[in-house]
Amino acid sequence: MELFKSMDNLNEKKDPQKDKQEISEHVKCLIIGSGPAGFTAAIYAARANLKPVLYEGLQPGGQLTTTTEVENYPGYPEGVTGPVLMEDLKKQAERFGADIRWGIATSTDFSNRPHKVIIDDKKVIEADTVIIATGASAKYLGLDAEKKYAGKGVSACATCDGFFYKGKDVAVVGGGDTAAEEAIYLAGLCNKVYIIVRKNYMRASKTMLAKVEKTPNIEFLYEHNTKDLFGEDGVEGAILIKKMGTPEEKEVKINIHGFFLAIGHHPNSDIFADWLDRDDVGYIKTTPGTSKTHVPGIFACGDVQDPHYRQAITAAGSGCMAALDAEKYLTMLR
Ligand code: NDP
């Protein structure tokens, strides 16, 4: 629920001149974001003596802190939980001297060198290189009810909020791996879990789908779309449309207390919109095969620039590329 509120804050356009700012610090390498991309960039930058300063952002540790078991990150034969993996990456970066701080980048000015990044609306950091690793955030359907019931039944993170629905009936919206994973997690806590899928199939991987199908208290609602949520003080149910746009279309009501979104993510790139090229969705454009944006000294890595792979390991790999690209850039400046 926190994330939902925080995203609204992030999307607000901040005026860098509006609040009192202290020009405070000059750094060689500033990293924004603390997912696998940010921490890997910090490990490489610290080892290259770039003395990186990393601001953790809205969700320290990134999206993996909201996931359960990660079974496909190389080097963990028995799997590892998302939070443990992120804590390990953070410790590894700190071991080499990365300066990891609490704080959110609220606006940027990449018009001149050194580039400026404003932290928490106040502190201005001047940086020779900036590595953007701000990741992506959960999408919502856009229903008024999602805002109305934020913190009262609507969530985009089962591992964060599932506990509140212990023994109750809940629903997960989406047909991908995230929806499957969230449904399995919730099925272990809740009485019953509906998966609301807009198509007549799930696009989740076969392994994940097989696990969902084996879970007795999960019910698939294929070809259903959510129209609205209802309830007095919190969610008590959802109104769905079955087979929307066909002659068999009909309204279906389900009684649930939790409504979990798992319909994909939006790249967290809004504060860079004035300076960097982005695609239609908001992914930052980089020169293929590198982490370079079109502004010299500004690099992007991880999910904020990757509409295709979006895996922890590919994010980590691109974080490494960004640190190497930044190092090379600084060498050329000398
Ligand atoms: P995806 O983009 O893969 O799936 C999003 C799902 O949400 C789709 O089924 C899509 O439907 C549905 N959807 C989108 N918009 C709406 C809407 N407005 N109304 C209803 N349904 C909607 O996102 P995921 O977050 O699931 O996965 C992202 C990536 O992360 C994938 O590559 C995935 O494999 C990976 N991942 C891996 C995990 C693991 O290996 N443990 C765990 C979680 C994710 P439709 O199919 O109709 O387009």
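Not counting residues up to four places away in sequence, Gln-305 touches Tyr-283, Ile-284, Thr-286, Ala-300 and Ser-318, where contact means heavy atoms within 4.5 Å. The structure is a predicted model, in which local features need pLDDT of at least 70 and side-chain atom pairs count only at pLDDT 80 or more, while totals for chains, interfaces and linings use all residues. Residues are numbered from 1 along each chain as its sequence is written, and side-chain values use heavy atoms, with hydrogens and water left out.

Gln-305 is placed in the loop between strand S19 (298-300) and H8; helices (H or I, at least four residues) and strands (E, at least two) are DSSP runs numbered from the N terminus. With a relative accessible area of 16%, Gln-305 is buried. Buried means under 20% relative accessible area, exposed means over 50%, and partly exposed lies in between (1.4 Å probe, protein chains only). The side chain of Gln-305 also reaches the backbone oxygen of Gly-302, at 2.8 Å. This is a polar contact, that is, a pair of N or O atoms within 3.5 Å; within protein, one must be able to donate a hydrogen and the other to accept it, and residues adjacent in sequence count only if both atoms are side-chain atoms. The loop between S19 and H8 also holds Arg-310. Arg-310 counts as partly exposed, at 40% relative accessibility, and its phi is near 50°, a positive value in a residue other than glycine.

A positive phi is found at Lys-243 too, again near 50°. Most residues other than glycine have a negative phi, and most peptide bonds are trans. Lys-243 belongs to the loop between strand S15 (237-242) and strand S16 (250-254), and counts as partly exposed at 24% relative accessibility. Leaving aside neighbours within four places in sequence, Lys-243 is in contact with Glu-223, Glu-248 and Glu-249. The side chains of Lys-243 and Glu-248 make a polar contact (3.5 Å). From Ser-205, Lys-243 is separated by 38 residues in sequence and by 24 Å in space, C-alpha to C-alpha. As for peptide geometry, the bond from Arg-113 to Pro-114 is cis, with omega near -5°. Pro-114 is located in the loop between strand S6 (105-109) and strand S7 (115-119).

Glu-56 is buried, with a relative accessible area of 5%. Beyond its neighbours within four places in sequence, Glu-56 contacts Gly-33, Ser-34, Phe-39, Lys-90, Ile-100, Arg-101, Trp-102 and Gly-103.

The largest nonpolar core has 33 residues, of which Ile-31, Tyr-73 and Ile-131 touch the most other members. A nonpolar core is a set of buried Ala, Val, Leu, Ile, Met, Phe, Trp, Tyr and Cys residues joined through side-chain atoms within 4.5 Å. Two or more residues of this core come from each of strand S1 (22-32), helix H2 (36-47), helix H3 (82-95) and helix H8 (312-333). H8 gives the most, with 8 residues. Apart from neighbours within four places in sequence, Ile-31 is in contact with Gly-38, Ala-41, Ala-42, Pro-52, Val-53, Leu-54, Tyr-55 and Ile-131.

A search of the whole structure finds 0 disulfides, a disulfide being a pair of cysteine sulfur atoms within 2.5 Å. Cys-29 is in no disulfide, and the nearest cysteine sulfur, that of Cys-301, is 9.7 Å away. Cys-29 is buried, with a relative accessible area of 0%. For Cys-320, the closest cysteine sulfur is also in Cys-301, at 9.9 Å, too far for a bond. Cys-320 is buried as well, with a relative accessible area of 15%.

The ligand is surrounded by 17 residues, the closest being Gly-175, Asp-177, Thr-178, Arg-198 and Arg-203; a residue is counted if one of its heavy atoms lies within 4 Å. Helix H6 (residues 177-187) supplies the largest share of this shell, 3 residues. A backbone N or O atom of Gly-176 is 3.4 Å from an oxygen atom of the ligand. In the side chain of Asn-72, an N or O atom lies 3.4 Å from an oxygen atom of the ligand, and for the side chain of Asp-177 the corresponding distance is 2.5 Å. On its own the ligand has 930 Å² of accessible area, of which the protein covers 77%. Accessible areas come from the Shrake-Rupley method with a 1.4 Å probe; for residues, only the protein chains shown count as cover.
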